[in-house]
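Please open the model in your viewer and keep the selection panel at hand. We will go from stop to stop, with a note on what to select at each one.

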Amino acid sequence: MKILVTAKRVEDPESKIKVKADGSGIVQEGLKYKMNPFDEIAVEEGLRLTAKHGGEVVVVSIGPKDVQEQLRHALAMGAARAVWVNHPGPLDPMGAAGLLQKVVEKEKPDLCILGKQSIDDDQGQTGQYLAEWLGWSQGTFASKLDSLESEAEKAKAPAIELSADGKTLQVVREVDSGLATLACSLPAVVTTDLRLNQPRYASLPGIMKAKNKPIEELTPAGLGVDVGLQVEVLRMSPPPPRKAGVKVGDVQELFQKLKNEAKVL
Amino acid sequence: MSIVLIVAERQPDGQLRKATLHAAAAGADLAAKAGAELHLAILAEDPAPLAERLKDCGAKVIHTLASPSFAHYLAETYAPAVAELAKSVGASFVGAAATAQGRDLLPRVAARLRAAMASDVVGFSGAGTDIVFTRPMWAGAVISDVKLKTAIKAFTIRATEFPAAPAGKAPAEVTAFSAPAAPASPTRFVDFKEVKSARPELTEARIVVSGGRGTKGDFKEVEALADELGAAVGASRAACDAGWVPNDWQVGQTGKVVAPQLYVAAGISGAIQHLAGMKGSKVIVAINKDPEAPIFQVADYGIVGDLFKVLPELRAAIHGAK
Ligand SMILES: Cc1cc2nc3c(=O)[nH]c(=O)nc-3n(C[C@H](O)[C@H](O)[C@H](O)COP(=O)(O)OP(=O)(O)OC[C@H]3O[C@@H](n4cnc5c(N)ncnc54)[C@H](O)[C@@H]3O)c2cc1C
Ligand SMILES: Nc1ncnc2c1ncn2[C@@H]1O[C@H](COP(=O)(O)O)[C@@H](O)[C@H]1O
């Protein structure tokens, strides 16, 4: 099975994001970057699927030269090769999906695994646009029935099941008030939720091997995709602050305050 | 006249998902600003009961799309039908609530319409075709104003930011739309495992009591306080990931967004991704044994202590006052 996975470069989710005074963007100084956490899960699932069924994982990232760091990380985790779409400017989900569509047409994978959302723009759209434009099946918010503490997880089994005839995937999805299961005919687009798997760390031999794995460079112009922004961010601002609260001494005081001051009991 | 089309949502039990009423209110707000009419779309095997339910919530027209293939929701069958409807009525805006279904469906509808989209919208401003969508980014650390430059614009709305559309408005005109037959779906519905609960729905509850890693997997006291208060139970990602509680209880950036009158966080540190899902609560109570836990920065009332002592004491105080 040939699997295309995506690896977007984003701010480390642990970092404190501050808005620039003029509202034109976020303060970049002091920020660390890493692979979008959902995309690490996508890489992991791809590796587990190919470990079980054979094939290879190809990783794609769109962005400036820096995204090669995230590609190298995916290669160190075990991806076979990488595709870098060199695009230094801003990008929206339509642009990302348009570029990925062209990469898919070139690579012809059986399956694309993306994150369910980027933790910077929090849009959660790219996978669905891609699936529609390819005319493929979509299995979004992929999760699994077992927990991340289960034996199946410890055995690093893929949560996404391939049918015996190799033509459909069984995808368990996290939806409102339960888990829904879909049978997605291949080729398909899957997007990952947090509980699909626990991504591996890159091993030292993995990191060494990654240095020699190829990164192919493509460009939006070369792919013939217009990535002009359709979603334009006009300005950014910090969220309205919550007024400072108080610490109470004991439960009685808490109870009195909730009852008489906040009047919520 | 330009049209705002909102896609209604049915729960697996066939009832209306309440978030639809919030989406209808958001749609009405947008329609007023854009100088547009509010239309609703209902897709179902039999849309009549939902059309009846939504008739007086402020929409001008309700489009019913009936087909046996709509019995179970699938993006691959719903998106072409919604897109056809949007084109046929000439909608300029297509939206839904940012539920699991809305998040799955709307980008696929938008893709079909070559429409740009804003997810999790918390407000609209501007007028006419010059509408600005306000939405959170970076787990709510940033609020951004965005413009969608395509002719048709798609969005999902955050239900906690809009009131539920009140009933009692002038009745909508109900009209059947028959979408052209779509090609066979490459995706098949297999099953739905519902997490049943006798408690109120997390996103609708007046009070939410949540537990985190500090419970060490023992949610008994969290649940007991919730039941004393008739509240819903929520959880942090750490508690859900460990398999202690259903995933469906997760509150946060990638879980549910709640805004109850009272939110009690027990043994939750207050990571930004958690705050993203509960910062809009009217009153926040934090119970944590670490006085430096970031949750105290957003809590109206904080108590430093062991949740296994504090929760039962609080429950006893509440019970005693009844
Ligand atoms: C992409 C991404 C998305 C995420 N999405 C979400 C999300 O949607 N929701 C979410 O919640 N998290 C989310 N997270 C995870 C988030 O960053 C935190 O890791 C998580 O919220 C921590 O959970 P916690 O507060 O329960 O655990 P911890 O951070 O470990 O905190 C446990 C707290 O319990 C306290 N404690 C321990 N014992 C007791 C006791 N006996 N009595 C009282 N207090 C005690 C400790 O002092 C500590 O403050 C996300 C992370 C990423 C990277
Ligand atoms: N610049 C990019 N490079 C690689 N993958 C991307 C990029 N932008 C979006 N994606 C993928 O699309 C998913 C959803 O992104 P979004 O729609 O922006 O929330 C991400 O988790 C990535 O897997």
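Helices (H or I, at least four residues) and strands (E, at least two) are DSSP runs, numbered from the N terminus.

A word on conventions: this is a predicted model, in which local features need pLDDT of at least 70 and side-chain atom pairs count only at pLDDT 80 or more, while totals for chains, interfaces and linings use all residues. Residues are numbered from 1 along each chain as its sequence is written, chains are lettered from A and ligands numbered from 1 in the order in which they are written, and side-chain values use heavy atoms, with hydrogens and water left out.

Buried means under 20% relative accessible area, exposed over 50%, and partly exposed in between (1.4 Å probe, protein chains only). Step just past the helix to A:Gly135, where phi is positive, about 70°.

Next, select ligand 2. Which residues come nearest? Among the 19 residues around ligand 2, they are A:Thr6, A:Asp39, A:Ser118, A:Gly124 and A:Thr126; a residue is near if one of its heavy atoms lies within 4 Å. Now look at the oxygen atoms of ligand 2. One is 2.9 Å from a side-chain N or O atom of A:Asp121, and a backbone N or O atom of A:Gly124 is 2.7 Å from a ligand oxygen. The side chain of A:Thr126 also places an N or O atom 2.7 Å from an oxygen of ligand 2. The protein covers 98% of the 480 Å² of accessible area that ligand 2 has on its own (Shrake-Rupley method, 1.4 Å probe). Color strand E4 (56–63) and E6 of chain A, the elements that give two or more residues to this shell; E4(A) gives the most, with three.

Move on to helix H2 (residues 68–77) of chain A, where seven of ten residues are buried, including A:Leu71 and A:Leu75. Just after H2(A), A:Gly78 has a positive phi of about 140°.

Finally, select strand E9 (residues 153–157) of chain B, with five of five residues buried. On one side lie B:Lys153, B:Phe155 and B:Ile157, and on the other B:Ala154 and B:Thr156.

Methods. A polar contact is a pair of N or O atoms within 3.5 Å; within protein, one must be able to donate a hydrogen and the other to accept it, and residues adjacent in sequence count only if both atoms are side-chain atoms.
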